[in-house]
Amino acid sequence: MSFALPIFRSTQGPKEPAVEQTSPRSVRISVTDRCDMACVYCRPSMTDGYVPAEDRLDVDAWERLVRALVAQGVRRVRITGGEPLLFRGVVDVVRRIRAIGVEDLALTTNASRLAALAAPLREAGLARINVSLDSLDPARFAEITRGGSLERVLEGVEAARAAGFDEIKINTVVLRGRNDDEIEAITRWAWDRGIVPRFIEVMGVGEGAKLYQSHVVGYREMRALVAHLCADEDAEVERDRGPAKYVRSRDGKHRVGFITGTTDTFCEGCDRLRASSTGVLRACLSKNDGVDVSDAARSGDESSITRGLADAWAMKPDGSWKGCTEATAKAVNMRATGG
Ligand code: SAM
């Protein structure tokens with residue numbers, strides 16, 4: 001069954017330009033397009049014939065690229081992928097970015113390799129970590145991730161807790177009929193462990209374009225499923241921490257977050273740039289447009305990176321843009337661009 005989606009914008013009234021910043025404040029770097037899971041909303045199956053990029057940036061190039069971006073005003077860096085822990089130099093990337101000096105350094109992972117890497121990542125200076133976890137049921141988890149091991153992921157989460165990160169968040173992409181009945185259980189599970197759960201509306205990006213109309217569970221419905229656990233208050237966005245909005249638990253000790261990329265696009269004020277695994281700077285998750293700065297990153301040509309940054313930033317969509325609901329979104333390769 002298909003239905004018209006209640007898509008609305010988060011600000012009413014006359015359209016303002018989407019971006020007030022003259023330069024990006026945050027960047028997501030996709031250090032590899034390889035992944036050892038194939039989540040149904042993200043990418044085709046493991047055997048889809050996809051050939052991972054061979055010309056990925058190495059650790060030195062990432063250091064030069066991030067250094068140049070920081071010189072232009074970037075303050076927050078998130079390492080993602082693909083699966084970033086499959087990138088052999090990931091701990092070194094963390095260490096080098098930490099040495100450059102940024103206000104916030106975080107990483108998003110499926111945690112399949114986190115058990116071994118949590119402590120080294122923490123020691124290298126990683127402050128915060130987000131783990132993708134779509135179900136607490138092993139069979140369901142394997143189905144949604146097309147073969148992922150819940151046991152390994154949970155071991156990774158425990159290792160992250162032991163490593164003492166400043167903050168651990170769980171990202172759950174909610175799919176109607178597949179895991180929407182677990183929202184309360186995942187919230188309780190996370191709170192019991194000092195973890196912040198976040199529930200994400202499936203977006204029409206990449207493979208998600210094939211199922212978001214039939215499977216999206218909107219913010220209001222998700223929130224209603226945990227309303228009895230939460231304070232009766234408006235959800236609030238955390239300053240400088242992306243588009244998620246949060247509600248506190250009734251006792252005020254915990255938070256639960258929601259990311260509404262489908263029912264309430266949040267392009268206004270987006271200060272985010274993305275760098276693909278091959279060194280292409282992209283201004284929007286929902287478009288493939290970008291500027292290739294890989295040669296400059298490899299050679300350390302900072303002025304060319306600065307020019308590339310300005311050109312990429314000029315591609316930032318304006319106030320009429322509706323983010324992941326735009327038709328261009330389905331052509332995006334989430335692995336290369338970095339979710
Ligand atoms: N491999 C890492 C992981 O699993 O966290 C990092 C990359 S993954 C692409 C980053 C995030 O994007 C994950 O939290 C994933 O659930 C989310 N994601 C991917 N496709 C999505 C879609 N169509 N809608 C909503 N979220 C999506």
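Visitor: Why is Arg 56 called partly exposed?

Guide: In this predicted model, Arg 56 has a relative accessible area of 26%. Buried means under 20% and exposed means over 50%, with partly exposed in between. The value for Arg 56 is 26%, so the residue counts as partly exposed.

Visitor: What makes the contact of Arg 56 and Asp 33 a salt bridge?

Guide: The side chains of Arg 56 and Asp 33 meet at 3.4 Å, N to O. The cut-off is a side-chain nitrogen of Lys or Arg within 4 Å of a carboxyl oxygen of Asp or Glu, so the pair qualifies. Both Arg 56 and Asp 33 lie in the loop between strand S2 (26-30) and helix H1 (59-71), so the bridge ties together parts that are 23 residues apart in sequence.

Visitor: Why is Asp 33 called buried?

Guide: Asp 33 has a relative accessible area of 2%. The limit for buried is under 20%, so Asp 33 is buried.

Visitor: How do you know that Arg 67 and Glu 63 are separated by about one helical turn?

Guide: Arg 67 and Glu 63 are four residues apart in helix H1, which means a separation of about one helical turn. Their side chains meet in a salt bridge at 2.9 Å, N to O. Arg 67 has 41% relative accessibility and is partly exposed. Glu 63 has 18%, and the limit for buried is under 20%, so Glu 63 is buried.

Visitor: What makes Arg 140 and Glu 182 a link between distant parts of the chain?

Guide: The side chains of Arg 140 and Glu 182 meet in a salt bridge at 2.8 Å, N to O. Arg 140 is in helix H4 (residues 138-145), while Glu 182 is in the loop between strand S6 (167-174) and helix H6 (183-192), and the two are 42 residues apart. Arg 140 is partly exposed at 25% relative accessibility, and Glu 182 is buried at 9%.

Visitor: What makes a patch of positive charge on the surface?

Guide: Arg 34, Arg 88, Arg 113 and Arg 152 gather in that patch. A patch residue needs over 30% relative accessible area and no salt bridge. Arg 88 has a relative accessible area of 85%, so the area condition is met, and with exposed set at over 50% Arg 88 is also exposed. The place of Arg 88 is in the loop between strand S3 (76-80) and helix H2 (90-100).

Visitor: Which residues form the negative surface patch?

Guide: That patch is formed by Glu 54, Asp 55, Asp 292 and Asp 295. Asp 295 lies in helix H9 (residues 294-299). At 60% relative accessibility, against a limit of over 50%, Asp 295 counts as exposed.

Visitor: Why is the chain called as compact as a globular protein of that length?

Guide: The chain has eleven helices and 14 strands. The radius of gyration is 19 Å, close to the 20 Å that the globule rule gives for 339 residues, so the chain is as compact as a globular protein of that length. Along the principal axes, the C-alpha atoms fill a box of roughly 55 × 50 × 45 Å. Of the 339 residues, 56% are buried.

Terms used:
Residues numbered from 1 in each chain as written. Predicted model: local features only at pLDDT ≥ 70, side-chain atom pairs only at ≥ 80, totals over all residues. Heavy atoms only, no water. Patch = residues over 30% accessible without salt bridge, like charges linked within 9 Å, V, L, I, M, F, W, Y side chains within 5 Å. Areas by Shrake-Rupley, 256 points an atom, 1.4 Å probe, with all protein chains shown as cover. Lys, Arg positive; Asp, Glu negative; His and termini not counted. Charge placed at Lys NZ, Arg CZ, Asp CG, Glu CD. Buried < 20%, exposed > 50% of the residue type's maximum accessible area, 1.4 Å probe, protein only. Rg over C-alpha atoms; globule rule 2.2 N^0.38 Å.
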